[in-house]
Each structure stands twice: as structure tokens, then as C-alpha cells.
Amino acid sequence: MVETVVSMGLPVDERLEIKKNRLMPEETSDNMKRIGIVTGTHGDELEGQFVCYELNQRIQKHPEYLHGIVDIYPAFNPLGIDSITRGIPMFDLDMNRIFPGSEEGPMMETMVSRLMSDLKGADMCIDIHASNIYLEEMPQVRINEETADQLVPYARLLNVDFVWIHAAATVLESTLAYSLNMIDVPTLVVEMGVGMRITKDYGYQLVDGILNLMKEMGIWSGPVESVREPLISSDRAIGFVNADHPGIYLPDARIFDEVMRGDVLGRIVDPLTGSVLEEVKAPITGKVFTRREYPIVYSGSLLNRILGGAEE
């Protein structure tokens with residue numbers, strides 16, 4: 001059942017409407033579990049659109065397996081999606097920097113406050129993001145170290161390749177995930193793929209994981225695929241690879257590649273002179289989980305991230 005969660009007036013007799021699709025079993029009970037699938041907070045991150053579509057398809061094909069509530073929010077920021085804009089156009093705001101909002105605040109704060117109210121009480125939320133247009137990310141869950149004990153067991157069920165536990169100091173308190181976790185709605189942030197693109201293989205992978213998590217929660221009783229055991233960043237080094245020169249980056253290493261310290265990951269070249277300005281080398285031994293996709297780089301541009309072994 002499609003429901004309008006937020007409806008607010010805009011100039012020229014238009015309206016900002018945020019909708020969700022609520023999937024429920026025919027027979028309901030007061031103690032049913034509820035999971036929210038959220039994406040589209042950043043309008044240029046589209047990987048979650050395919051996830052919402054595919055999850056809708058699988059559940060609707062087998063409603064007999066559904067024993068809880070699944071709320072699917074494909075477009076938290078519909079204006080951004082319509083205009084291919086990361087933030088909220090006209091308001092010049094990053095939506096994921098104004099949570100939890102306020103019913104008494106400006107228009108956009110009122111909007112996110114109503115979204116928070118709609119998600120309040122859920123037993124789980126999956127907040128799906130993509131990378132930007134410059135980088136490709138391995139399917140991963142990112143978790144604040146303060147909530148790691150609670151959330152890592154859930155993340156292991158989600159069929160991602162990597163769980164990155166961040167230091168609390170790097171976590172922004174104005175994000176949806178932080179705000180929901182603070183009101184006891186366990187929320188996993190998924191990052192995967194590339195901005196402005198859809199990587200169907202990653203989408204299938206994550207939907208398999210969501211159904212697996214739903215089965216563990218008692219929301220889904222249908223067959224599920226076996227899920228992979230993710231690498232966990234605890235006790236592992238993270239190697240950041242940045243450009244020293246401006247130019248055109250020609251990468252050799254791919255996502256999931258195992259590399260050794262000193263291996264060449266790619267080259268920065270000068271198309272004017274035909275010269276190689278820099279051989280980009282791995283700072284540590286490990287697995288590539290971030291890869292530069294946009295070829296124009298400047299000094300300091302992020303090229304790769306590598307997850308080192310526990311001994312690093």
C-alpha cells in the first residue's frame with residue numbers, strides 16, 4: 001500500500017511529497033516486527049533505487065512468506081533525484097545533515113522531523129547510499145564504534161563484503177542513521193557502487209542480504225541465499241591512497257583485488273606530453289575496497305582505499 005508520509009507546499013502550486021510502500025501480510029498482529037528500507041537521501045545516489053524495486057518484486061511474488069511490516073522509502077529526497085542533485089535543490093541543504101529536524105523549525109527541518117516520526121518504533125532500518133561519481137565502493141556497512149556491539153551482528157547477516165567501524169569522532173550527529181540509533185531504531189548504513197549509476201549485481205547481493213536479515217528477525221519465512229562473511233575493519237589497517245600530481249588517472253587494480261605493499265595500482269599520466277607523472281603504489285598489503293572511477297585528478301584526490309590484514 002503506497003502512503004504519502006510527507007506533503008508540503010512548494011512555489012507555483014506544486015507539492016513536495018515523500019512516499020513509502022508498506023508491505024504487510026494479510027493477517028496482522030500487534031507484535032509484528034517492522035523494517036524500514038530507506039534510500040534517495042542524496043539525489044545523485046541511485047543504487048538503492050534498484051534495491052527497492054527488486055525487494056518489492058520478491059516480496060510481492062510470495063506474500064505468503066511475509067510475517068511482518070516492510071516499509072520501503074525509495075526517495076527521501078525526491079527533488080534531488082528529479083534534478084540529479086546531491087542535496088535538496090532550492091534550499092542548498094544536504095538532507096543527511098539536518099536530522100532529527102524539528103516540527104517547529106524551517107520547512108526542511110519539519111520535513112525530516114516527520115520522516116523520523118514515521119520511522120520511530122521500527123525494529124530495524126537499512127539506510128542505503130552509493131558513492132559519488134568519482135569513486136566505486138565495495139558493498140559495505142559503516143558503523144559508529146559506539147554502536148558496533150549492537151549493530152555488527154546484524155551487519156554480518158546483510159551479505160556485504162566489508163563492515164567498516166568508524167571512530168566516534170568522525171560520526172556526524174545530524175545524520176539519519178545516528179538520529180535513529182539514538183531513539184533505539186537499529187540502523188545500518190550501506191555504501192556501495194558509484195554515484196549516478198546502478199550496479200545490478202550489488203543490488204541483487206544486498207537484496208539477498210536484506211531477506212536474510214528479515215528471516216532472522218521473523219519477518220520473512222521464504223528461502224534465502226547463503227550470505228558471505230564480511231571482512232571487519234576491527235584490528236585492521238586502512239590504507240588511503242591519494243594523488244601526488246594532477247593529471248589523468250589510469251587504474252589497474254579493481255575492487256576486491258588483493259594487492260601487496262608496493263604493487264602498482266595505476267598511473268597518473270599527462271596527455272599533453274605523453275609522460276607518466278606518477279606510479280601509484282599500494283601503501284599496505286590487503287584488499288582494494290574503494291577505486292577511483294572518474295579519471296581527472298588533482299593533488300590530494302582519493303584514488304583507492306585498501307583494507308589491510310590483521311597483522312598490519
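Me: What does the side chain of R86 do with the side chain of E45?
Reply: In this predicted model, the two side chains make a polar contact of 3.0 Å. A polar contact is a pair of N or O atoms within 3.5 Å; within protein, one must be able to donate a hydrogen and the other to accept it, and residues adjacent in sequence count only if both atoms are side-chain atoms.

Me: And with the side chain of H42, what's the distance?
Reply: That polar contact with R86 is 3.5 Å.

Me: Is R86 buried or exposed, or something in between?
Reply: R86 counts as partly exposed because its relative accessibility is 34%. Buried means under 20% relative accessible area, exposed over 50%, and partly exposed in between (1.4 Å probe, protein chains only).

Me: Where does R86 sit?
Reply: R86 is in the loop between α2 (78-83) and α3 (107-119). Helices (H or I, at least four residues) and strands (E, at least two) are DSSP runs, numbered from the N terminus.

Me: New topic: where's Q140?
Reply: Q140 belongs to strand β6, residues 135-144. Q140 is buried, at 0% relative accessible area.

Me: Which side chain does the side chain of Q140 pair up with?
Reply: With that of E137, through a polar contact of 3.1 Å.

Notes. Residues numbered from 1 in each chain as written. Predicted model: local features only at pLDDT ≥ 70, side-chain atom pairs only at ≥ 80, totals over all residues. Heavy atoms only, no water.
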